[in-house]
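Please consult the sequence and structure shown here.

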Amino acid sequence: MITCDDLRPMLAGYVDGQLSALEAEAVAAHLQQCGRCRQIVRDQQQAQYVLDADRPAAVPDERWADIGKRLRTELEGTGDRLVLKTRCRIETLSAPTLPTEEPRPPARPPEPPSCPKPACRQAGPEPFRAGTIQPSQPERLLRRSRLLRPRAARPAARLRLGKARFAWAAHAIGALAAALAIAIGLAPLLLQPSTATQAIEPGALARADDVTIMDIQTMDPHYNVVLYAGDAADVAAVWVVPANR
Amino acid sequence: MQSATNRRLKRWGMAGLSALALVLGARSALAQAEEAVTVTVLGIHATTEPTEHIDPALRPIADELRRSSYNCFRLVTSATRRIAVGETSEFAMVEGYALHIRPEKVDEDSLQLTITWVQEGRILQRMTLALRKGKYFLSGGWRLKEGAILGAVAAQ
């Protein structure tokens, strides 16, 4: 299943017609189902249209001699300052109409394939109309024109596709490593012998050499203490017997 | 791009720190568990009756019990707990008697214990001794309405 993230780097190429037939077919199929990508394609086509429409007219050959002469006089410090008309900045596009004189506006950009669902069609953007750009359009175009990726960057974009896939593998490996570290840390606790709280079998009473009594204090005066050790059985014990017995 | 790298670094850093904290916590818990000892206390009700009776669970130490002036021995309590070194645990017996056991020190093959006999909060006797691991130490002889209460303490 091709996702938007997979196709996003190819949208600019689709608008420019740079994709192979197979890729273009895949993108077109995706656009029929995805309103968001369709919107991106529309925006890029609009931006392309506006930029192409503002392209300055070609300079006639006979004017080049005049331009050269004026440049020379300007470099020498005399004569009028040469004003070269360059491609206008996009801010100047705030004019409500597009230039209609010299540069012939290119053909209306092809509409991306429309979604077959009626709901998608309603949710889609308004159709593009040449010459009726809203005043806020340049900013919007400028903002969205970031989506236009330089052609040289496209292979890198495809590489990013691979990196995204690798990122999942890296996450999985990281999670496994963390789980392993936790398991190693907890293993000694979990592998504690289960007999830890089992009763000690009453099979071995302490002998004299098993016990060293360091201190005895008997607070009850009604009892006498009997140290019971070192007899025949060699069992060590401390008994109390009533004093009045 | 930079912020994405930072986010990834932060995410991995947090995961690493969490794992480290878990491992250290487990190690700490393990170290604490190693400093605890397993203590078993048997409460024995000794009486004198016309016929001898020794609880089957006490048969292995019957010969030693017979040295006392009683001939019937019944196991009234048997409890095993893990007690951390330096902490006191109470093992209740009968008729208000109880044994307080406090492991003081753990050596390679023996433990130092403080054993305190109490009756309804009143200290009767306190002993500090070193006992070989796994060996039972007998003490008691405190009077009951009938007979006496003995205690056998072992630790490992």
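Trp239(A) stands opposite Gly140(B) in strand E8 (137-143) of chain B. This is a predicted model, in which local features need pLDDT of at least 70 and side-chain atom pairs count only at pLDDT 80 or more, while totals for chains, interfaces and linings use all residues. Residues are numbered from 1 along each chain as its sequence is written, and chains are lettered from A in the order in which they are written.

**Strand pairing**
- Strand E3 (residues 237-242) of chain A runs parallel to E8(B), joined by three bridges.
- Strands (E, at least two residues) and helices (H or I, at least four) are DSSP runs numbered from the N terminus; two strands pair if DSSP finds at least two bridges between them.

**Interchain contact**
- Chain A contributes 39 residues and chain B 47 residues to the contact, where two residues are in contact if their C-beta atoms, placed from the backbone, lie within 7 Å.
- Elements of chain B that each supply at least two residues to the side touching chain A include helix H1 (2-34), strand E1 (36-47) and strand E7 (122-132).

**Nonpolar core**
- The largest nonpolar core has 42 residues; such a core is a set of buried Ala, Val, Leu, Ile, Met, Phe, Trp, Tyr and Cys residues joined through C-beta atoms within 7 Å, and buried means that 20 or more other C-beta atoms lie within 10 Å of the residue's own, C-beta atoms being placed from the backbone.
- E3 of chain A is among the elements that give two or more residues to this core, and E9(B) gives the most, with seven residues.

Conventions: A residue is buried if 20 or more other C-beta atoms lie within 10 Å of its own, exposed if 12 or fewer, and partly exposed in between; C-beta atoms are placed from the backbone.
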